[in-house]
Amino acid sequence: MLWMQPTSDYRALTIRRAKPQDAEGIAQVYVDSWRKTYRGTIAQSYLDNLSVPTFERHWRRTFAARGWAFVAEVDGEIVGVSSGGRCRRQNVAAGELYVLYLDEAFHRRGFGRALFDACHNELARRGMSGTLVWVLQNNPARGFYERLGGKLVAESEIKIGGTALTEVAYHWPD
Ligand SMILES: CC(C)(COP(=O)(O)OP(=O)(O)OC[C@H]1O[C@@H](n2cnc3c(N)ncnc32)[C@H](O)[C@@H]1OP(=O)(O)O)[C@@H](O)C(=O)NCCC(=O)NCCS
């Protein structure tokens with residue numbers, strides 16, 4: 001477990017391994033973050049139809065299948081999630097960051113970096129050298145990945161909710 005000290009205006013944050021019981025909290029952060037982040041990019045009907053119970057079931061299945069994740073927690077409430085695994089598409093890295101979402105109220109306090117580092121280190125610990133992440137071309141999170149030293153290595157087309165979008169990949173070596 002990793003602790004971050006409280007500063008003047010917020011409470012202590014814990015980054016820890018997720019447990020199956022966290023599935024609902026993770027699903028809530030995930031759905032809220034998708035709706036805020038992708039408003040105006042992905043079809044509104046698709047975002048409106050995202051369902052916390054559906055994603056909760058998805059995460060329960062993920063944990064049952066030995067998937068892993070890290071959560072950011074404040075006062076017992078899950079406010080962020082990151083997870084990864086074997087790289088799905090490109091050969092430039094063995095590992096991939098699949099998910100990184102943080103409640104907007106906790107942005108720009110170093111929590112995103114802590115969640116990213118937890119995944120990057122876990123991938124290395126599991127023998128997956130290097131990390132790849134895909135991000136939509138117009139997502140401001142690109143600035144975050146660039147700040148963390150990611151190198152732009154690929155571009156691809158993807159369809160989400162009927163909308164054709166471009167996504168780009170960033171890479172970190174070991
Ligand atoms: C991307 C995200 C996780 C970043 O988390 P965060 O906690 O705000 O980031 P941090 O505070 O850890 O920032 C680390 C560094 O990146 C910088 N940074 C953060 N977001 C940035 C952005 N959008 N553009 C440029 N730089 C950024 C910070 O200023 C900080 O720089 P420093 O090293 O000089 O202090 C968060 O913005 C988020 O959840 N966004 C919505 C969901 C999303 O788009 N996820 C990615 C999907 S691929």
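## Overall build

Buried residues account for 29% of the 174 residues in the chain; here, buried takes 20 or more other C-beta atoms within 10 Å of a residue's own, exposed takes 12 or fewer, and partly exposed falls in between, with C-beta atoms placed from the backbone. Keep in mind that this is a predicted model, so local features need pLDDT of at least 70, side-chain atom pairs count only at pLDDT 80 or more, and totals for chains, interfaces and linings use all residues. Numbering runs from 1 along each chain as its sequence is written.

The chain has 5 helices and 8 strands, where helices (H or I, at least four residues) and strands (E, at least two) are DSSP runs numbered from the N terminus. In sequence order they read β-β-α-α-α-β-β-β-α-β-α-β-β. The radius of gyration is 16 Å, close to the 16 Å the globule rule gives for 174 residues, so the chain is as compact as a globular protein of that length. That radius is taken over C-alpha atoms, and the rule is 2.2 Å times the number of residues to the power 0.38. Along the principal axes, the C-alpha atoms fill a box of roughly 40 × 40 × 35 Å.

As for contacts (C-beta atoms, placed from the backbone, within 7 Å), 60% of those between residues at least 6 apart in sequence join residues at least 24 apart.

## The nonpolar core

The largest nonpolar core holds 33 residues, and Ile26, Val71, Val81 and Leu115 have the most contacts inside it. Such a core is a set of buried Ala, Val, Leu, Ile, Met, Phe, Trp, Tyr and Cys residues joined through C-beta atoms within 7 Å. Elements that each supply at least two of its residues include helix 1, strand 3 (70-74), strand 4 (77-86) and strand 8 (163-172). Helix 4 gives the most, with 6 residues.

Once neighbours within four places in sequence are set aside, Ile26 touches Ala18, Trp59, Ala69, Val71, Ile78 and Val81 by the contact criterion.

## Helix 4

Helix 4 has 15 residues and reaches 21 Å from first C-alpha to last, close to the 21 Å expected at 1.5 Å a residue; that expected span is 1.5 Å times one less than the number of residues. Its buried residues are Phe111, Gly112, Leu115, Phe116, Ala118, Cys119, His120, Glu122 and Leu123. After the helix comes Gly127, with a positive phi near 85°.

## Around the ligand

The ligand is surrounded by 19 residues, the closest being Leu102, His107, Gly112, Arg113 and Gly143. To count as near, a residue needs its C-beta atom, placed from the backbone, within 6 Å. Helix 1 (23-37), strand 5 (95-102), helix 4 (111-125) and helix 5 (141-147) each supply at least two residues of this shell, and helix 5 gives the most, with 4.

By type, the shell splits into 8 nonpolar, 7 polar and 4 charged residues. Nonpolar means Ala, Val, Leu, Ile, Met, Phe, Trp, Tyr, Cys and Pro, charged means Asp, Glu, Lys and Arg, and the others, Gly among them, are polar.

Asp75 sits in the loop between strand 3 and strand 4, and its phi is positive, near 50°, though the residue is not glycine. Asp75 counts as exposed because it has 9 C-beta neighbours inside 10 Å. Arg108, in the loop between strand 5 and helix 4, also has a positive phi, about 60°. With 9 C-beta neighbours inside 10 Å, Arg108 counts as exposed too.

Arg57 belongs to helix 3 (residues 52-64) and is partly exposed, with 13 other C-beta atoms within 10 Å. Arg57 and Ala27 lie 30 residues apart in sequence and 8.7 Å apart in space, C-alpha to C-alpha.

How values were computed:
Two residues are in contact if their C-beta atoms, placed from the backbone, lie within 7 Å.
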